[in-house]
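I opened my notebook next to the structure viewer today. Here is what I looked up, step by step, in case you want to follow along.

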Amino acid sequence: MNIQLKNLFSNYSKKNTHIIQVVILCSILFFSYQPSKAKTNQTVHVKLFHAYPNISQVIIENANVIYPQFNGYISPEEITIRCKNHHLNISQNKKLITSFNTQSGKLVLNSSTSKGISIKANIQNTQTNFRTYTGKISIYSDKNCNIHLENEVLIDDYVAVVVGSETPKDWPAEALKAQAILTQTRLASMKPNQALVDSTQDEAYLGMEYVSTQVRQAAQSVKGQILTYESKPIHAYYHSTCAGKTSSENYFAGDNFQKQPYLKPVNCSYCSISPFWKIHSSVISAEQLQRIFKTLSIEVIETDIAGRPIQIKLGDNSNNTKIISGYQFWLSIGQNLGWGKIPGTLYSIKKLDSGSILIESKGAGHGVGLCQWGAAEQARLGKTHEQILNYYFPGTKVSIQK
Ligand SMILES: [Zn+2]
């Protein structure tokens with residue numbers, strides 16, 4: 001997904017820009033909540049490079065390569081793995097070392113150093129930076145010879161990487177702790193053997209490079225703690241910037257959805273420090289509207305208490321109108337035109353003479369649950385992580401996971 005929001009971050013270091021971009025994308029979080037008995041000393045499985053489905057080649061450093069038919073040893077220098085004719089070809093210094101039939105299983109990489117395994121991927125004509133992961137990585141390919149990677153990682157390392165990936169490294173410790181507890185709460189709600197993905201479809205998990213000393217210490221200090229309501233893990237939603245007020249969970253799913261009492265709207269002006277607090281304007285052209293929604297007639301007919309559109313009418317012919325949710329409209333624009341087009345769900349729609357529409361939005365992300373920029377400011381003002389979590393999820397408490 002391509003987000004061009006850098007012009008919004010002039011007051012923030014470039015180092016943090018991509019992190020803030022990631023933070024926006026957490027708005028797509030949807031989890032399944034089935035309590036299980038996940039423990040913090042267990043591992044989780046995470047599909048890597050999930051946002052990139054067409055990986056043709058990976059370059060790996062600091063890994064021992066293991067697979068059943070291979071009795072030799074590949075030194076942990078840089079190796080390249082490509083898929084060709086259902087085989088993963090492993091080469092080093094541009095020389096083919098061996099070829100592995102992917103129909104007979106998966107390649108497994110173990111880290112050769114305590115730092116972890118470093119991987120970069122070729123996606124069409126671009127190459128990612130190296131990302132480093134602890135634990136094991138399995139590599140396999142599909143029938144189209146796209147390479148897939150799955151990391152088995154200790155929960156403690158997973159939580160630290162997610163906290164580092166989802167927040168700027170210089171955020172106050174209490175905000176980082178609140179973030180870690182939300183991730184641990186999500187893990188406690190997972191189905192057994194469920195694999196996560198490293199994109200914001202679950203949570204961003206971008207490698208050990210994102211784990212600073214502060215992030216590690218914050219995660220460690222709340223190890224095993226989750227947020228509960230009536231002794232059950234909560235639906236741990238969060239987003240970048242609410243821009244004034246959060247919305248209830250019904251914002252996603254309409255009024256037929258059972259309301260969670262701890263996800264009621266709360267006022268929040270703490271996030272006025274966020275670069276997303278100010279109004280962001282975008283024009284969606286007539287051609288784009290026609291392509292995405294098959295109509296130029298788009299009207300907000302209902303908003304929620306926070307001002308977020310909850311019902312949008314598409315079409316002006318009474319025989320051919322359709323109502324979609326404000327959240328669905330926002331997702332459709334993001335998926336088709338990039339997430340920077342409408343960063344937040346607190347938006348209005350104005351028709352322009354040309355058939356285009358002007359969308360003015362405030363905030364970033366879906367607006368439900370914890371507001372990350374608000375949490376950061378509350379931490380800076382001296383609130384504890386428990387006070388912050390209780391502010392955005394009233395009636396919940398921090399519990400030790402059994
Ligand atoms: Zn806020």
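This is a predicted model: local features need pLDDT of at least 70, side-chain atom pairs count only at pLDDT 80 or more; totals for chains, interfaces and linings use all residues.

Entry 1. I found G340 in the loop between α7 (326-337) and β23 (346-351). Is G340 buried or exposed? I counted 20 other C-beta atoms within 10 Å of G340, and because 20 or more is the cut-off for buried, G340 counts as buried. I also checked the distance to H280, which is 60 residues away from G340 along the chain. Their C-alpha atoms are separated by 9.4 Å.

Entry 2. Then I went back to the helix α7 itself. I noted that α7 has 12 residues. From its first C-alpha to its last, α7 reaches 16 Å, close to the 16 Å expected at 1.5 Å a residue.

Entry 3. Which residues of α7 are buried? I listed G326, Y327, F329, W330, I333 and G334. These residues are on the same side of α7, because they cover an arc of only 160° around the axis. A reminder to myself: an α-helix has 3.6 residues a turn, so residues three or four places apart point the same way. On the face turned away from the buried side of α7, I found the exposed residues Q328 and Q335.

Entry 4. What do the buried residues of α7 pack against? My list has α5 (250-253), β19 (280-284), β21 (309-314) and β22 (322-324).

Entry 5. I moved on to a sheet. I traced 6 strands that form an open sheet with mixed pairing, in the order β3-β7-β11-β12-β1-β13. The edge strands, β3 (63-66) and β13 (196-197), each pair on one side only. Helix α2 (residues 155-166) packs on this sheet, where α2 touches β1 (43-47) and β12 (147-154). I noted that the direction of α2 makes about 110° with that of β12.

Entry 6. β7 (residues 107-111) and β11 (residues 136-141) pair in the antiparallel sense over 4 bridges. In this pair I saw N110 standing opposite K136 of β11.

Entry 7. Last, I zoomed out to the whole protein. I noted 9 helices and 26 strands. Of the 402 residues, 44% count as buried. Among contacts between residues at least 6 apart in sequence, 68% join residues at least 24 apart.

Notes. Residues are numbered from 1 along each chain as its sequence is written. Helices (H or I, at least four residues) and strands (E, at least two) are DSSP runs, numbered from the N terminus. A residue is buried if 20 or more other C-beta atoms lie within 10 Å of its own, exposed if 12 or fewer, and partly exposed in between; C-beta atoms are placed from the backbone. The expected span of a helix is 1.5 Å times one less than its number of residues. The arc is that of the directions from the helix axis to the C-beta atoms. Two residues are in contact if their C-beta atoms, placed from the backbone, lie within 7 Å. Two strands pair if DSSP finds at least two bridges between them. Axes are lines fitted to C-alpha atoms, for helices over the stretch in contact, and angles run from 0 to 180 degrees between N-to-C directions.
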